[in-house]
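The report below describes a model of two protein chains, starting with the contact between them and going on to the parts of each chain.

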Amino acid sequence: MLVSIYRYNPDVDSVPYMQDIQVEIPAGKDLMVLDVLGLVKEQDATLAYRRSCREGVCGSDGLNMNGTNGLACITPLSAVVTNDKLVLRPLPGLPVVRDLVVDMAQFYKQYEKIKPYLQNDTPPPAIERLQSPADREKLDGLYECILCACCSTACPSFWWNPDKFVGPSGLLQAYRFLVDSRDTYTEERLSDLDDPFSVFRCRGIMNCVSVCPKGLNPTRAIGHIRNMLLSSGT
Amino acid sequence: MVTNVTNLSRSGLYDWMVQRVTAIVLASYFLFMLGYLFFCSDITYTQWSELHSQTWMRIFSLLALFSLGAHAWVGMWTISTDYLTEMAFGKSAMVIRFIFQALCGVTMFTYMVWGIQILWGL
C-alpha cells in the first residue's frame, strides 16, 4: 500500500512536502492507521507523530487520514483507504511543530476559557456534593470527550477564528458544566459566552459530529447553549 | 467574552436572533409578493399603486426593508470577520475589514433609503 505522509522539519525544510512510502500490509489483517505509522517509522525513523495509549482513550494521535480527521489508533485501514493509498496529514488549522505533530496551544487556550471545572459558592458538604441519577444522566455524551481536537480542527469557523471561536470541543465541555446540577455559576458562564464569536460563530455544518471518534455530538450541545442563552436573555 | 464594536448589537445572542427574525419577515414578504403576482398576473399600475398605498402594506414593506438591512449587515459582518482576517491579509487586515464593513453599511443604508423612496413614491 502507498502511504503519502506530510513531512516538515522546520530545522531542515524550508517548506512542507509529501513523502511517498510503500508499506507491506500483512495479508488478511485490517491494521489500524497507527500500526501503519509504526511500519513507516521502521523504514524512516525521522518521522514524528504523537501516540500513547493506542486504544482511543488518550487522544494523542489525532490525524487527518485521507481527508478525514480521526484517531489513528482506532481507525482501521478498511475505513479510510481508497485505491490502495493512504494520505496522512496533521490535524488542519493548527501550527505544525514537526511532521504530524501540531501545536495544540490555541486549542487548549479555548478549553481553559470555558473554565472546565465545577464552580459552586454554596458551603461544601461534609463528604461530597450529591447528584440525582437523572441529573447525572445529563452529563452522558458530554464528559466522554478526550480533547483529541479532531472536531475543532475539522471546523471552518475554528480555522478562521481559532482565537475567538471556542470551537466544538470547548463548547461541548462548556455545556457539560452548564448542565451540571452541582455547578452554581450558570449565569456567569452564559454571560461569558454571549458575544458574536464564542458560540455564535458555529454555523451548524456538523463536521464536528461526523469526525468525533467517541461518537459525541458537539452541535447538539451548542444548540442547547443557544437555547439556554435565549431563555436567560428573553 | 470576545469584545467587538462593529457587529450589530455587541451581543451574539441578539445578532443571532435578529438574523432569524428578519429571515422570517423576508420569507413572508417574498411569499406574499410571489402569491400576489401569481394571482394577479394581469396586474395594472393602478392596482400595484393601490396595494402599496395601503397602510398595512407600507408597514410590511418598511419592515421588510429594515429586515433586509439588518439581515444583510449580520451576514456581511460575519463574512468579513471570517475571511478578512490577519491570517489572510496580515497587518493590513483591520483596515481592509473596516473598509469592507463601511462599504457594506453605506450600501445597505442606501438601499433602505432608496427602497423607501421608491415604494412610498408609488
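## The interface between chains A and B

Between chain A and chain B, eight residue pairs are in polar contact, both residues being at pLDDT 80 or more; a polar contact is a pair of N or O atoms within 3.5 Å, where within protein one must be able to donate a hydrogen and the other to accept it, and residues adjacent in sequence count only if both atoms are side-chain atoms. On the side of chain A that touches chain B, helix H5 (156–160), helix H7 (186–193) and helix H9 (218–233) each supply at least two residues, and H9(A) gives the largest share, four residues. Helices (H or I, at least four residues) and strands (E, at least two) are DSSP runs, numbered from the N terminus. By class, this side of chain A holds eight nonpolar, five polar and eight charged residues, where Ala, Val, Leu, Ile, Met, Phe, Trp, Tyr, Cys and Pro count as nonpolar, Asp, Glu, Lys and Arg as charged, and the others, Gly among them, as polar.

One salt bridge is counted between chain A and chain B, and the side chains of A:Arg201 and B:Asp82 meet in a salt bridge at 2.9 Å, N to O; the term stands for a side-chain nitrogen of Lys or Arg within 4 Å of a carboxyl oxygen of Asp or Glu. The two chains bury about 1800 Å² between them, 63% of it on carbon and sulfur atoms, buried area being the accessible area (1.4 Å probe) that two parts lose on being put together, summed over both. A:Trp160, A:Pro196 and A:Arg201 supply 30% of the area that chain A buries against chain B, more than any other three residues.

## Basis of the model

This is a predicted model, in which local features need pLDDT of at least 70 and side-chain atom pairs count only at pLDDT 80 or more, while totals for chains, interfaces and linings use all residues. Residues are numbered from 1 along each chain as its sequence is written, chains are lettered from A and ligands numbered from 1 in the order in which they are written, and side-chain values use heavy atoms, with hydrogens and water left out.

## Chain A

Chain A has nine helices and seven strands, and 47% of its 234 residues count as buried (under 20% relative accessible area; exposed is over 50% and partly exposed in between, with a 1.4 Å probe and protein chains only). A:Ser4, in strand E1 (residues 2–7), is buried at a relative accessible area of 5%. Leaving aside neighbours within four places in sequence, A:Ser4 is in contact (heavy atoms within 4.5 Å) with A:Met18, A:Gln19, A:Asp20, A:Lys85, A:Leu86, A:Val87 and A:Leu88.

A:Arg54 lies in the loop between helix H1 (33–43) and strand E3 (62–65) and is partly exposed at 49% relative accessibility, whereas A:Met206 lies in the loop between H7 and helix H8 (207–211) and is partly exposed at 41%.

## Helix H1 of chain B

B:Ser11 caps the N-terminal end of H1(B), with a side-chain oxygen 3.2 Å from the backbone nitrogen of B:Leu13. The buried residues of H1(B), including B:Trp16, B:Val25 and B:Tyr36, pack against H9 of chain A together with helix H2 (45–53), helix H3 (55–83) and helix H5 (93–121) of chain B.
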